[in-house]
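Thanks for making time this morning. I would like to take you slowly through one model, and please keep the display open while I talk.

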Amino acid sequence: MKKILSGKLPIGLTTFLILILTASPPARSEETQQKTVLVRAEMCEAIENYKPVNPAVVFSIALGEVYCFTSFDPVVEKTVIFHKWYKRDRLIFTMRLTLSPPKWSSFSRIQIRDADKGPWRVEIWDENGSLFETLRFSMTD
Amino acid sequence: MEQFFYSLTGLRWQDVLDILLNSYILFRLYVLFRGTRVIRALQAVIIFWAAGQAAVSLGLIITNWAMQGVITVAAIIIIVVFRNEISSVLLTKDLKSFLWGIPKYQFKTPVHIIAETVFDLAPRKIGALIILPSKQDIASMVQGGISIEAKLSQELLTSIFWGENPLHDGAVVIQGDRIKSAGEILPLSKRQDLPSSFGTRHRAGLGLSELTDAMVIVVSEERGVVTLFKKDQIHTIRSRSALEKKLREHAGDGPSKKGFQHPSVKITAAAAICLFCITGLWFSFSKGMEAFATHEIPVEFINPNQRMEIVSTSASNVKLVISGAKPLLNTVRPEMIDVKLNLSKAVVGTNTVLISKENIMLPPGVRLRTVTPPELEVSLDTLVVKELPVQPHWTGNLPDGLIMKQARAIPPMVRVTGRGLILNEIHTVYTESLPLDKLTDSGQLETSLVLENPSLSLNTGRKIQVEYQIVRKPG
């Protein structure tokens, strides 16, 4: 079973949430002990077939947009995560994404312009304020 | 009332000295001129001055103006009219008695000799005119006398008034126990209400007593009556004891006075009144001359935590409006004012510190009116060490068909020392720009770290390695 959720942000960001169910739900006793785990996080040029295309750490502004792809397995319960996009140490925007059990992949996207050149990072946070991972990359000519 | 007490607490030692010095000057003037008509004239001037002050407080402009005019004219009149009294006080006193002593104008006059002589002459109808000067100098009032400068004795005094003596018609001046002069001619009284029995000798005695504080004894040649003149008053003396009593009173040897009439009590009271008057005058002047001044004073921060340092303040100077007596304000310089803000309770970050009167040290007698700004924002910070990740800063473009799949700094973290507030805002240390254009294969390069804030420092060297992985784009 497969679900796709999408939304549009004022700054032109489109978010797709991809739910991929590949396994049956775990037993109740295991569920309470497990944590939601980030298994894959990558910056990429595009998302195709719910997978990141050309993951990299340097992106040309000629691409027009950059994606942050994250995949969680397992997702213990329905929760939210945040993709926080920083240019240098200045927070540019925060994307709130919903995760649902048993596992879930989601991404956020930013449209890039000439003024966006420079070092960037995306921080991936859970709803409790814990940092999963920081992805660092550069936007260049 | 509150202002009065504030004035008391704000008194400087110079103000106390000012009050005491002028009180003493006033007291000395009283001591030197007491008993003379100058004092009475000065009393009138003081009354006019008080009336002028009352007129000012009531807003009576013309009255105040008139009082000031009267006082100005009166001051000139006093100097002109009483020049003799003033000069006698200024010239006849030695420096010690002028500045310090309480002069006793009374001399130890052998009053019994005078009384005995007078009542020896009276029955024999030998006319006599005897002057006993008091505090005022009579030199300018009498003339034509012959200096005697002899010790007083009944025989000598009798012989002077003896009918065959050339000096017998004039007056004898007795000071202390000496006959100073004889044959003195006195100014005559112009009073019209004198008894017909009074002759020229009486008119002369009265004339001098009208102009001075001297006592004059007249023995009538026709009736043998003893008459005593003092301060326009005429007393007929019928006995030797009565004359002695009058003479002793004049000489200051009368029965000891008690209470307020006692000389020492009177002097003490006069001193207290002088002090009171000058104190009142001082406060009147200092209040009346109150002025305002504005000073811009640098703020001094005290007692900061030794581990902290001041990063910024909303202002380094404060503008103070102060008030006080104008002469005092003219002497106040900015260096005499301190504005000290206590930072002992300040914490890291931005602190709002209120500037109150307790923070401002003013010279005595100066009052604080306003402070601008009333509070300051002071930012404090401490030096901390923070471990920060390193991120390569790529520029340019990779050759076509290539992508940089991974890049990592070696070491991935560095320690940075700096102010906590600054480091709180910094989460990454970046390398200098790394051009991509000539990179075709994976590899490693050396570069330097860039700290954008000059107050930060790296605990290790700036040089680091960057390892990167370049791959060809699929398809």
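What you see is a predicted model, in which local features need pLDDT of at least 70 and side-chain atom pairs count only at pLDDT 80 or more, while totals for chains, interfaces and linings use all residues. Residues are numbered from 1 along each chain as its sequence is written, chains are lettered from A and ligands numbered from 1 in the order in which they are written, and side-chain values use heavy atoms, with hydrogens and water left out.

On confidence, the predictor gives the complex an ipTM of 0.78 and a pTM of 0.46.

If we take the contacts in chain B with a separation of 6 or more, counting a contact as heavy atoms within 4.5 Å, residues 24 or more positions apart account for 71% of them.

One sheet in chain B is open and has 5 strands in the order β13-β11-β8-β10-β14, with mixed pairing. Its edges are β13 (360-361) and β14 (367-372), each of which pairs on one side only; strands count as paired if DSSP finds at least two bridges between them. Between β11(B), residues 338-342, and β13(B) there are 2 bridges in the antiparallel sense, and V339(B) has I360(B) as its bridge partner.

Which residues of α9(B) are buried? Among them are R201(B), H202(B), L206(B) and L208(B), and the buried residues of this helix pack against β1, β5, β6 and β7 of chain B.

A contrasting position is P454(B), in the loop between β19 and β20 of chain B, which counts as exposed because its relative accessibility is 79%.

In chain A, β8 (residues 79-87) and β9 (residues 90-99) pair antiparallel over 9 bridges, with K84(A) opposite T94(A). These two strands form a hairpin with 2 residues between them, and R88(A) in the turn has a positive phi of about 50 degrees. β8(A) is also joined by 7 bridges to β11(A), residues 118-126, again running antiparallel, and there W85(A) has V122(A) as its bridge partner.

R88(A), together with D89(A) and R136(A), supplies 32% of the area that chain A buries against chain B, more than any other three residues. Buried area here is the accessible area (1.4 Å probe) that two parts lose on being put together, summed over both; between these chains it is about 1600 Å², with 48% from carbon and sulfur atoms.

Finally, the interface holds 2 salt bridges, defined as a side-chain nitrogen of Lys or Arg within 4 Å of a carboxyl oxygen of Asp or Glu. One of them joins E45(A) and K473(B), at 3.5 Å from N to O.

How values were computed:
Helices (H or I, at least four residues) and strands (E, at least two) are DSSP runs, numbered from the N terminus. Buried means under 20% relative accessible area, exposed over 50%, partly exposed in between (1.4 Å probe, protein chains only).
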